[in-house]
Amino acid sequence: MNLILFGPPAAGKGTQAKRLVEGHGFIQLSTGDMLRAAVASGSELGNKVKAILEEGALVSDEIVIALIDEQLTKNASAPGFIFDGFPRTVGQAEALDKLLSERGSEVHLVLRLVVDEAQLLERVTKRFEEQGRKDDNPETFSFRLEKYNHDTAPLVPIYAERGKLVEVDGMAAIEQVSSGIERALKEAV
Ligand code: AMP
């Protein structure tokens, strides 16, 4: 089962992805986590993307597609993948289809966590205070939301037309969101 956890920044994708890893043994592929790890390690890639992450812009499709390709190859026998924060553009979505079809697979389900902007801002303000992620500061976060609305939200009708999209109320308590996701997974198989 290949599942995309879809939604704006701070919608709870990471939290739910980790629960799915624990419950189902899926492999979580978070391009945000991979890029932050590259920055922290001071690698060539990290140095290249550091400023982009700090300003809340999107890293090039080429870079994130290569990261996903590498992980799909590395985890070829995994029972399923959770794509968290990827794809974020139409180009990335097309590349994902290609990478999966080359491996005889496909995107089975796109779970969209629906959270309104007021709640996103509230959550990210708290996360900024707790974790101090530079790109969670209010100005940068607004820019990330703009990027989401402009570059990423257009994927919603694309997956909906393909009959892959299921919407889950992301404003509910974490347990309830998890239950909604579990229901969607059962219906999808
Ligand atoms: P996230 O943790 O998913 O919110 O990602 C943090 C930052 O990493 C984003 O604001 C982007 O700068 C970068 N990033 C993560 N995933 C992608 C992606 N799929 N495409 C482009 N940039 C990404």
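Predicted model: local features only at pLDDT ≥ 70, side-chain atom pairs only at ≥ 80, totals over all residues.
1. Start with two helices. Two packed helices are described by the angle between their axes and the distance between the axes. Helix H2 spans residues 31-41, and helix H3 spans residues 44-55. They pack at an angle of about 115°, and their axes are 8 Å apart. The crossing of H2 and H3 is left-handed.

2. Now look at who touches whom. H2 contributes Leu 35, Arg 36, Ala 38 and Val 39 to the contact. H3 contributes Leu 45, Gly 46, Val 49, Lys 50 and Leu 53. Of the residues in this contact, six are nonpolar, one is polar and two are charged.

3. Next come the charged pairs. Side chains of opposite charge can pair when their charged atoms come close. The structure holds 15 salt bridges. One of them joins Glu 175 and Arg 19, at 3.1 Å from N to O. Glu 175 lies in helix H9 (residues 174-188) and Arg 19 in helix H1 (residues 13-24), so this pair ties together parts that are 156 residues apart in sequence.

4. Is that pair buried or exposed? Glu 175 has 52% relative accessibility, so it counts as exposed. Arg 19, at 31%, counts as partly exposed.

5. Compare two further salt bridges. Asp 135 pairs with Arg 133, with the closest N and O atoms 2.9 Å apart. Both Asp 135 and Arg 133 are buried. Arg 144 pairs with Asp 136, and here the closest N and O atoms are 2.8 Å apart. Arg 144 counts as buried at 10% relative accessibility, and Asp 136 counts as buried at 1%. Salt bridges with shared partners join Arg 127, Arg 133, Asp 135, Asp 136 and Arg 144 into one network.

Key: Residues numbered from 1 in each chain as written. Heavy atoms only, no water. Axes fitted to C-alpha atoms, helices over the stretch in contact; angles between N-to-C directions. Helix = DSSP H or I, 4+ residues; strand = E, 2+ residues; numbered from the N terminus. Left-handed = near helix turned anticlockwise from the far one by under 90°. Contact = heavy atoms within 4.5 Å. Nonpolar A, V, L, I, M, F, W, Y, C, P; charged D, E, K, R; others polar. Salt bridge = Lys/Arg side-chain N within 4 Å of Asp/Glu carboxyl O. Buried < 20%, exposed > 50% of the residue type's maximum accessible area, 1.4 Å probe, protein only.
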